[in-house]
Amino acid sequence: MIAVYLLLLLSAAGILFFGLMGHKEDIGKLNTRINGVSLLITIWLAISVFNNGTILSGGKAFLIDSFNVYLIVLTAFVGFTTSLFSAPYMAHEKELGKLTDSRLKLYYSMYQGFMLAMYLVLTTNNMGIMWVAMEGATLATVLLVSLYRTPESIEAAWKYFILCGVGIAQALFGTILLYYAASQIGDSENALLWTVLYEHATQLNPDILEIAFVFLLIGYGTKIGLVPLHNWLPDAHSEGPTPMSAVLSGLLLNDALYAVVRNKMLVDGATQSHIAGYLMMGFGLVSFLVAALFLHRQKDIKRLFSYSSIEHMGLMTFAFGMGGSLATFAALLHMTVHSLVKSAIFVTVGHTAQIAGTQKMAQIRGLIKTQPKVGWGLLIGTVAIAGFPPFGVFTSEFLVLLATMHNYPWLTPLLLLGIGIAFAGLFRHIQPIVYGEKPEGQSAIKANLIPVMVHLGFALWLGLAIPSFLSDWFSQATLLISGSAL
Amino acid sequence: MNIESQDFYTQAILSMSALVGLTSFLMLGQGRLLRLIFVFAIQGLLLTLTTSLAAFSLDNPHLYISAVLTFALKVIFIPWMLQKQVLAMNLHRDVEALKNNTAVMLGGASLMVFSYYVLQPIIHTSSMIMLNALAVSLSVVLLGLMLMISHRQAVAHVVGFMSIENGLFFAAIVATNGMPMVVELGVAFDVLVAAILFGIFFLHIRTSIDSLDVDMMNKLHEVDK
């Protein structure tokens, strides 16, 4: 349990420290070290959960079970590797004169602020605190989206702030309704604790819970980026600094989905029906298809991959909504590989944009000839995210397809169509970027591609063979979420 | 339901919810920013009164703390900050011509009916009073959204945003006698930070487009143009 407190304290200390010292030379390395220590702490936490099962802290404030502990490790891992990339990237941006000292302070301080909010969302046992932390994550990142202070970035940040703020307000209404239903059973002081709620799930009023779930899905769904609530996502991803895009895509979206799945587990227990699942399937499938189509009409490379994030989040929401052990297992796996691959892609995209001096895809050409490592990184990342074997995304998408064929065979063609459209949408843009002649005056830059290789390596490993401890872990989480073993 | 047969507390809560709903409608049709902010402050005051009333009648001392927080944030700090912005930008003389005001008001009224319709199933589990209070809170939330859609000024958007929070707060107090203390403190903290961030944003928006009219923020599109 000490691990959780340490984890939260470390990030909180980071906020204060960087707020004062964030502009110093080589401060990025310190940020990396803090995130590295956080990663070690989460691994320690994971091992103790693996050995001793679910941990509930003394005051019942924190709950660590097999579902959230793996997301905690994933969060720390992506946070760490992104900070590896962020240190030279931000130093380069500062050299270009895009950033001042005070903005660097803000950046590093809020990097830790965002990590703190994410850890709190995952570890807390209280639904209300989860909402507060989720809103906190928006507040921490909103000024980072407008870090460059261009008119576009300010517009993007304003949109992000208003849409996510209003969206998440709906989730608070859902939470209040849920609290209302729960406090009728008694013990109102503890009625928002997950442990108490799960214990009494069958006694909760199903009518109220159905209404509450609609609000919760819309609220947290805004953060997942579900169509038609997705408008903020491509703007926020494309206008902010690239390390921010990597953590937003790799972490924030996952954690919002985590919130929805937790609520679904509760509502399923209370209503004994599949209504929550159907809602998630509908929203998920629409997001998946619409985002796949939008991929074709993009001009900005970061916007392209943010639509790809919407597409994948849609697929996961769909799979979690379908329920059952196979689909849930597939969704958990997909969450992992998507985070790994997408943050790797954003890292290479960051380097690509620095090489070409622009994010407009029409002007980025001949990447492999300019800097082979970055070019191949981008190409392999795109291959992986499009769902080619032998990468992990193929495995998880294949499992989702299998589960769909088993439960809802008539939806399979739609999924296949979506995957095909998305593949075409990605490759028609990326192919001319990596191949082709290099334009005049384009030269290589100092790039740190270790995070990319590590992420893609893991994605490859998960595609070839899932290590037994990890699959045990996913199975435990699957049992917890879907109620049946694989 | 005969309102005279209810106890005093219930009657008071019902009147309060009616007044809170009314302030939302007043805001919806308001074209002048200073008046809009004034009505918003009144809504905050009504919320404070409701909270204190609940704290007093139900003998629940922690609600006094949230009453004080609400008063400090929603009646004093946020209206003061917004008013300062409006005066600084010299927007207080402009009257925003609202496009099809009638349609907006009618839309608002139908949103209220819709809230009652959505929350209808709750009747099975509790009283009419609960339905009324929750439906009014939901409609305050929806009217806040409507306010944001129908107005162009960033200040009006912030007022809409904050009045959504008011609706949620009202629901929390009336339906569940307030959330657990730690959650309420967290939400208040978020609102405070959001208010400060809005202040920072006004500054950025003004320097970037020299106006607070959000219609002028139109550089980003869903697809290429």
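Two residues are in contact if their C-beta atoms, placed from the backbone, lie within 7 Å. The model discussed here is predicted.

Q: How many residues of chain A are in contact with chain B?
A: By the 7 Å cut-off, 37 residues of chain A are in contact with 38 residues of chain B.

Q: Which helices of chain A each supply at least two residues of the side that touches chain B, and which gives the most?
A: They are α5 (127-145), α6 (151-183) and α8 (206-224) of chain A. Of the residues on that side, 16 come from α6(A), which gives the most.

Q: What is the make-up, by class, of the side of chain A that touches chain B?
A: It has 21 nonpolar, 9 charged and 7 polar residues.

Q: Why are α1(B) and α2(B) called roughly antiparallel?
A: Helix α1 (residues 8-28) and helix α2 (residues 33-57) of chain B cross at roughly 165°, and their axes come within 9 Å. Angles over 145 degrees count as roughly antiparallel, and α1(B) and α2(B) are therefore roughly antiparallel to each other. The crossing of α1(B) past α2(B) is left-handed.

Q: What makes the contact between α1(B) and α2(B)?
A: On α1(B), the residues include Ile13(B), Met16(B), Leu19(B) and Val20(B). On α2(B), they include Phe40(B), Gln43(B), Leu46(B) and Leu53(B). By class, the contact of α1(B) with α2(B) has 16 nonpolar, 4 polar and no charged residues.

Q: Why is α13(A) described as roughly antiparallel to α18(A)?
A: Helix α13 (residues 325-356) and helix α18 (residues 450-464) of chain A pack at an angle of about 150°, with axes 9 Å apart. The limit for this term is over 145 degrees, which makes α13(A) roughly antiparallel to α18(A). Their crossing is left-handed.

Q: Which residues make the contact of α13(A) with α18(A), and how many are charged?
A: Among them are Leu340(A), Val341(A) and Val347(A) of α13(A), and His455(A), Leu456(A) and Phe458(A) of α18(A). By class, the contact of α13(A) with α18(A) has 11 nonpolar, 4 polar and no charged residues.

Q: How do you know what span to expect of helix α11 of chain A?
A: The expected span is 1.5 Å times one less than the number of residues. Helix α11 (residues 275-294) of chain A has 20 residues, and the expected value is 28 Å. From first C-alpha to last, α11(A) reaches 29 Å, close to that value.

Q: Which residues of α11(A) are buried, and what do they pack against?
A: A residue with 20 or more other C-beta atoms within 10 Å of its own is buried. In α11(A) such residues include Leu279(A), Phe283(A), Gly284(A), Phe288(A) and Phe294(A). The buried residues of α11(A) pack against α8, α10 (242-271), α12 (301-322) and α17 (412-434) of chain A.

Conventions
Residues numbered from 1 in each chain as written. Chains lettered and ligands numbered in written order. Predicted model: local features only at pLDDT ≥ 70, side-chain atom pairs only at ≥ 80, totals over all residues. Helix = DSSP H or I, 4+ residues; strand = E, 2+ residues; numbered from the N terminus. Nonpolar A, V, L, I, M, F, W, Y, C, P; charged D, E, K, R; others polar. Buried ≥ 20, exposed ≤ 12 C-beta atoms within 10 Å, placed from the backbone. Axes fitted to C-alpha atoms, helices over the stretch in contact; angles between N-to-C directions. Parallel < 35°, antiparallel > 145°, perpendicular 65-115°, else oblique. Left-handed = near helix turned anticlockwise from the far one by under 90°.
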